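Hi,

Here is the structure I promised to pass on to you.

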Amino acid sequence: MGVVWHLAKRAIFLVITFILAIYATVVIANGGGRVDQILKDQIYTDLKQQYARNPAFQRLPPQEQARQFNISYNSIIEAQGLNEPFFQKSFRYTFNALQLNLGRATQLHSSDLSMRVSDIIFERLPRSLVLFTVANVVAAVFGIWLGLWMARKALSAFDRGMTVLSVTTFVVPPWVYGILFILIFAYVFKVFPAGGLTSVPPLPPSPLILAFPPLIAAGLLGAGYVVYARLRSKYRLVGFGILGAGAALLLVWGLVLPADYFKDMEWHMILPAAAVAFSVFGSWSYTTRNLVLQVMDEDFVFAARAKGLKERDVLSRYVLRAASPPIVTSLALTLAAAWTGAIITETVFQYPGLGLLFYEAISLFDAPVVIGLTTVYALLLVVTVFLLDVTYSLLDPRIKALRR
Amino acid sequence: MTTALAEMPTEIGPEQHSSNIVETDNLTKWFDVGLGLFRGSLHLKAVDGVTLTIKRAETVAIVGESGSGKTTLGRTIIRLLEPTGGKLLYDGQDITHSAEKRLMWLRRKAQMIPQDPYSSVNPAFPVYRILEEPLVIHKQGESKEREEAVMKALQAVKLNPPTFFANKYPHMLSGGQRQRVAIARSLILNPEFILADEPVSMLDASVRISILRLLRQIQQQFGIAFLYITHDLATAKHFADRIGIMYAGRLVEEGPVGSVLGEPLHPYAQALMGAIPDPDPANRLVVRQSLPGEPPNLVDLPTGCHFHPRCPIAQMGLCDVKDPELRELRPGHRVACHLAT
Amino acid sequence: MAISAPIGLKAAFLEAARTKSGLAATAMLGFLILLAVLVPLLVPFDVVRQWSNPGQWSDNPKLVPPEWSEVFTGKRQPRTVIIPPAGQSGGFDHVRVSFEVQGQNYTIVVLKQSFDFQADAFPSEISLYMTTMFGSKSPLVRSWLTRPDGQEVQLFEDTPSLRASNVSQFRPADVITYSLTYPSFKDPSYQVYANVKQWLISNNVTTSGEWGELFPSPTGFYSNPPKAQVLLMAQLNHSMLDPRTAQVLKGKYSIKFEVDGFSSVDDANARAVVFGTVYGLIGTDDQRRDLLIALLWGAPVALAFGLAGALATVLIQTILGAISGWYGGAVDELVQRTADFYLIIPTLPILILIGILYRPSLILILFILVVFGVVGATTKVTRSIVLQVKEEQFIEAARSYGASRGRILFRYILPRVMPYTFALIALTVPAFIFLEASLSFLGLGDPNLPTWGQLLGNAYGAGPAIFYTFWWWVFFPAAGIIFTTVAFALLGYAFDKVLNPRLREQ
Amino acid sequence: MPTLDVKNLVLWYRTRKGPVHAVDSISFALEPGQTIALVGESGSGKTSTANAILRLLPKNVLRYDGEVEFDGQNVMELTDEEFRRNVRWRGISMVFQGAMNALNPAVRVGFQVAEPLMVHYDVDRDEAADQALDVLRKVGLPADIARRYPHELSGGMKQRVVIAMSLILKPKVVILDEPTSALDVMTQTNIINLLKDLKNTDRLSYIFITHDLGLASELADLVGIMYAGELIEVGPADGVFVRPKHPYTGKLLASVPRLRSEEAPDFIPGAPPDLTAPPPGCRFHLRCPVSFEKCGWSAEEFIAQMDLLQSSGEAKDKVPSIASMSAKSPTSLLIKPGANGSVSDFVQKLNAFVAATSEKNRFLKSIESVQGKTKSVEVKLYETTPPPIVGTEWRAACWLVTEGAA
């Protein structure tokens, strides 16, 4: 009850914040009416060209030409609401954006040639989601594992070395690693493709759900391990079951499904994912190490050790559990930043996700796409923050009890 | 007359003296603890009607368990907290609801010594600056005079040689020495009243006694009144003139040390005394009498006498209905119990 | 056995500087700061201001690696040789004879100079520059290259129509460029191919048919033009026809111009550049710009930008966090909610949006970044530290002796927070450097000032494929950014270690 | 046969300031059902002794040796894994200092009490929970408490949970590390009564660690007084509390303010020594009221004391004027007389000063000889060793205590 009420409050707050953020975006994007002017110019030139190709129109006298032109021009402007006062317009834009009614692109289109911004975005969204979720999950799992290991070997040469590595790698964003990785692995050693989504000409996209099995498998493996290691005796079988399901899914995915398209896609995803993971794991490992060391100083950990628990159990059952809520919170920013950081990473790798779309939209000055993307990014951030809230309240029993 | 003076409190002259430095009348301090929707409707009654008088140059000990409201009482008396109700007089002046700005004179005359030697002094300042700070704030003296005052204060707390200690940072000092610095800081403005909130509870036994002796000596030397807040009845016995015992926000017994500890009248005071062992090998052969249960929740206090649910002699129909008043049963010795005689 | 964290910024700094990572960070930052101070002295700002002026860089070879890269190829790579105009030391020898025949004035100018070429590879380009001064009629200009083996090859013949008022000055407006490597069709230097072909056929190195196969010219022009600098400077045998097998003829080459003028005022001057295949310490970009200059100037720009941004945001955040923690209540709530709000705003996309819409200058970018960083992680960190310090009893004691709330906040609490603030500044600098780099990478940076991110962006803009083949263009700016940010990260880490004693040895 | 026989237990830590002699050669024996109270000021090594017995060592251990015989077996010879499996909690369990922190805030208390059963005997979860309920009931807690989280309990309840946790495996020895120091007086009494009761019914042996002599007397059959990492006196409670042998024990007893006596408590001057550089000889000699030549004053301590004496106003006119002092060896120092005093004059004055004030300034007793040199005076101090702990049933480590007197 307490948790639900708490989360409901958070959700309401986040929705309000989201609306405000979108509004801010609209205001900034339209500041000084620049976008409107650009749109008007575009309509103007389009119309000009349209009329220029029309012989009947050419035959009209110049005055009549101008009059007709003005009529159609103004009616288009009117229809698109471009001559409303900005204040009014900004609300309409915001409202449209909130409904994900993002309008039509001026230049860009999706692979099936739709120019609706939402079509373009939703074609790209899963690719980005898959790439960045996989990379962040890999980085988190590896980082937490490394952090635990570092804490266990605290102050050894291994710990010192890894700490410095973690600290120095996580300040550098993934796209810089991307550049170096491509230089090294794609051009010097030629082991991975330099970029792109696939090497073959893109096949018609299959249901994207197929791209998720590795993710689901990873989740199952993780959950299975937790159930197996954390709970005892009679739950062990359940843990084994979940673990097995994860492994089976992975096997089916790896061996049975001969989906070349996806395998090729994965092959292309390795280098960008590695760049993202390399730039992120350090903050997980460093945070985990410090928090674990901090918790290891607590009396209840000492007590657990005195009770004769194995060191491994002390770490997983006592230390990690107590350290996990702060680990999750302190990394909220990292995760949130990953979404928008994708813009340049994807550009470097020519990975046709949201980020590259953003870059293309900027290059072609496709304003509706840019605004639409900003909206989607804000939405992604809201969802991420909310998911973190949920995780946090599930992890910390003190919240449950205190809010009751 | 008191109200008129409260209007211009900074100009309180030394000729205006009340023999009581602090007087409280039915002082209460409640905190709002309501959660969410019920914010404001629930109160934590930390101090619930305390009437107490502290005379000039006397040490009054307030003894109680944690949560009895003794610390809140102390903070309220030196107006770090604003009372919720009742009346608070300092040197005869009503300061119950005076604005912070109008209390600068009180900030000079009343000081406090905190409990924890590890956080009682600012770790970022050298001892000299710690001691000079109150003088600077009250714009007292030139730097030369301030230096003299600092050295004098260090000598008064027996940090000798003072010049040696003046340049030290707190982390270079032991717990006892830090508490001495805190005491020196409380002396530097020549106060009339010092609130010592468990000043020795975190120190080792041997150091504890030396600090308490020092406080006693200071009280006698400078004629300062002390409110000594403690949970330790034994030190109170040896270092206070009068003693007040608090339970659940109320003063249940109060009087001269000899009288209260010689013949405790309140059943809680009796139990408290019985619960404290002196070193004696015979202790291990007997089972000590104690009270069942735990102190009440201050948000949801029992009706009538707060102590009645744990009281061995409580009479239903009386103790759970009627608030006991402090009655003077022996000379200067008051007790809040319906059944005490 | 509690070890306390050092109190105060100075103590913390001294202790941090003693740790290994602190030492490394100090050394790295010291180097950077020294560089930042020296760069304006070594490379005046005027040079950098010319960054986007192509005329400034025309004497540099295009897209060549750094000089020291020849250790990888094992070949001696040619450096750029410039033969300056007559009148300058080492310039062309200038002989001018003016005479009159049948009332008609003639002037003959001969410009000649030789250069020694001992490298193992061919130059990347050869360009000849000429300026002429003449009367009513354009003079006839011819030019020859004399090789170490005694062969003399005529390069071209031209009647320039550009006239200079003073040939001793080489002003771009008056200079005709004859590029032997990239001649344009209208350019008389295009003749060089025909001349070379004639020369090679006459020496029996090739036949007209073979030439035609090697360098097809279906429309009369070469679709795959021969590399003049290779043919002209290779050992005279059949292998020279293929740049991969051609061998460099080492020795003394001389370039000769002969100008036949038709008035007594006629005069001419020339200049020649034999472009090397390596340049400087870092190499050049596609606009022949010396990347070293941009790389060097990147350091002070990045440092200044990163430090200014980090200082401003972290200090604002610290003060807001401190106020929020110290005063609590409604102020606290407001700051906290603002922080949540900022977390949700997609900062980078909005920045990019602002970048394309308003093309802000570097200073304005900085300002915008600061606005977007008014609250953030530091506010939370500071707030939690303040909440901790607030509980310390000396604060209560201070209130009891009359210290005002402001005094307690600014004199007692903030100094305690400062070491953490400093650590956070060190850790925030990289974020700012990379933000600027990100924007510049997308081409949204300040076009007038080369930054590391802009170099990367330029390289990327030149095409993703060549992006990676010209590694020096990419590697060094990337390395510069990483070096700087790692230095700050190490400094921040050293501070962190000192401030959280639990995290190091007991 | 004693349940627990600790012989020459040593535990040193490595710190940046140097080795910390936290536990320095401690010996005591505990019969079944007997309780020893280890009493000392903070930093005297009480808790380190407990940790050393349970082998709960921090990472920075420098030296850890000695013998700990538990049930006739020297457990110091076991490997860490054997020790964890066979001794920890099964044989010796512990009640921790801060109960509020000793419980995992994220786990229900029932599980925490039952956990040792699952870890050590691989008992099924449900059965372990049943047994935990029994133990919880035994320490006076209602059954529904098992399903609560620690932060929902009061301090006294948490302490009872921790005691239940320590009893779940029916150990022979329970270490009580300041079990009531964070509790209120009433709760403390209730807990002590519970512990007394358990001791009598289960014949448990306690190692009761406390700084409170009054509290110690509630449970102790034996008392061990710790000072600066050493056990300086250990003996039956009836003796130690009544006629302490070691001067420190005496001073410690005198420093306790008593509720049932008008005698004013007295303090011990000075502060406990720094364990990274414990004083030579008897570690208490710097603060001892009866210290004499054998107690181990070193030249440096002598100089420090002399400086203090010089700077404190009271003895100023009596101390012969000194220009400078320097330690030559641990037991000899050179004093340069003040501006106009001749050496022989100074020797005389010093001797007179020593004779007059050595009862008050005990360090002066350590002077073996004063010799005039050309420009300075050499003061030789007595050489000495740390006092051995003498006696059988009741032992003390002080030169003034002789075996015969015991």
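This is a predicted model: local features need pLDDT of at least 70, side-chain atom pairs count only at pLDDT 80 or more; totals for chains, interfaces and linings use all residues.

**How the chains meet**

Five pairs of chains are in contact, and among these the most contacts are shared by chains A and C. Chain A and chain B, on the other hand, have no contact joining them; their closest C-alpha atoms lie 9 Å apart.

On the chain C side 45 residues take part, and they are in contact with 55 residues of chain A. The area buried between chain C and chain A comes to about 4,800 Å², and carbon and sulfur atoms give 80% of that.

What about salt bridges across the interface of chain C and chain A, how many are there? The rule finds one. Arg10(A) and Asp340(C) make it, with 3.1 Å between the closest N and O atoms. Polar contacts across the interface of chain C and chain A come to five residue pairs, both residues being at pLDDT 80 or more.

Which parts of chain C do the touching? At least two residues each of the side that touches chain A are supplied by helix H9 (329-344), helix H10 (347-358), helix H14 (405-441), helix H15 (452-461), helix H16 (464-469) and helix H17 (471-499) of chain C. H17(C) gives the largest share of that side, with 11 residues. Sorted by class, the side of chain C that touches chain A has 37 nonpolar, two polar and six charged residues.

**Salt bridges overall**

Over all chains, the count by this rule is 68 salt bridges. One of them is worth a look in your viewer: Glu360(A) with Arg124(A), where the closest N and O atoms are 3.0 Å apart. This pair links distant parts of the chain, since the two residues are 236 residues apart, with Glu360(A) in helix H15 (residues 354-364) of chain A and Arg124(A) in helix H6 (residues 117-152) of chain A.

**The sheet in chain D**

In chain D there is an open sheet of four antiparallel strands, in the order E11-E12-E14-E13. Strand E11 (322-329) and strand E13 (367-372) of chain D are at the edges with a single partner strand each, so one side of each has no neighbour in the sheet. On average, neighbouring strands of this sheet are turned by 20° against each other, direction ignored.

If you want to trace the pairing, start with E11(D) and E12(D): they run antiparallel and are joined by six bridges. A hairpin of two residues connects E11(D) to E12(D). Ser324(D) has Lys336(D) in E12(D) as its bridge partner. At the other end, E13(D) runs antiparallel to strand E14 (residues 377-381) of chain D, with five bridges between them. There, Ser369(D) stands opposite Lys380(D) in E14(D).

Two helices go with this sheet. Helix H11 (residues 299-311) of chain D packs on the sheet and touches E11, strand E12 (332-337), E13 and E14 of chain D, its direction making about 165° with that of E11(D). Helix H12 (residues 343-357) of chain D also lies across E11, E12, E13 and E14 of chain D, and runs at about 160° to E13(D).

**The sheet in chain C**

Chain C has an open sheet of four strands too, with the order E1-E9-E4-E7 and antiparallel pairing. Its edge strands, strand E1 (81-83) and strand E7 (176-179) of chain C, each pair on one side only. From one strand to the next, the twist averages 15°. Three bridges hold the antiparallel pairing of E1(C) with strand E9 (residues 267-275) of chain C. Among the residues involved, Ile83(C) has Ala272(C) in E9(C) as its bridge partner.

Over to you!

Note on methods: Residues are numbered from 1 along each chain as its sequence is written. Chains are lettered from A and ligands numbered from 1 in the order in which they are written. Side-chain values use heavy atoms; hydrogens and water are left out. Contact means heavy atoms within 4.5 Å. Buried area is the accessible area (1.4 Å probe) that two parts lose on being put together, summed over both. A salt bridge is a side-chain nitrogen of Lys or Arg within 4 Å of a carboxyl oxygen of Asp or Glu. A polar contact is a pair of N or O atoms within 3.5 Å; within protein, one must be able to donate a hydrogen and the other to accept it, and residues adjacent in sequence count only if both atoms are side-chain atoms. Ala, Val, Leu, Ile, Met, Phe, Trp, Tyr, Cys and Pro count as nonpolar, Asp, Glu, Lys and Arg as charged, and the others, Gly among them, as polar. Two strands pair if DSSP finds at least two bridges between them. Axes are lines fitted to C-alpha atoms, for helices over the stretch in contact, and angles run from 0 to 180 degrees between N-to-C directions.
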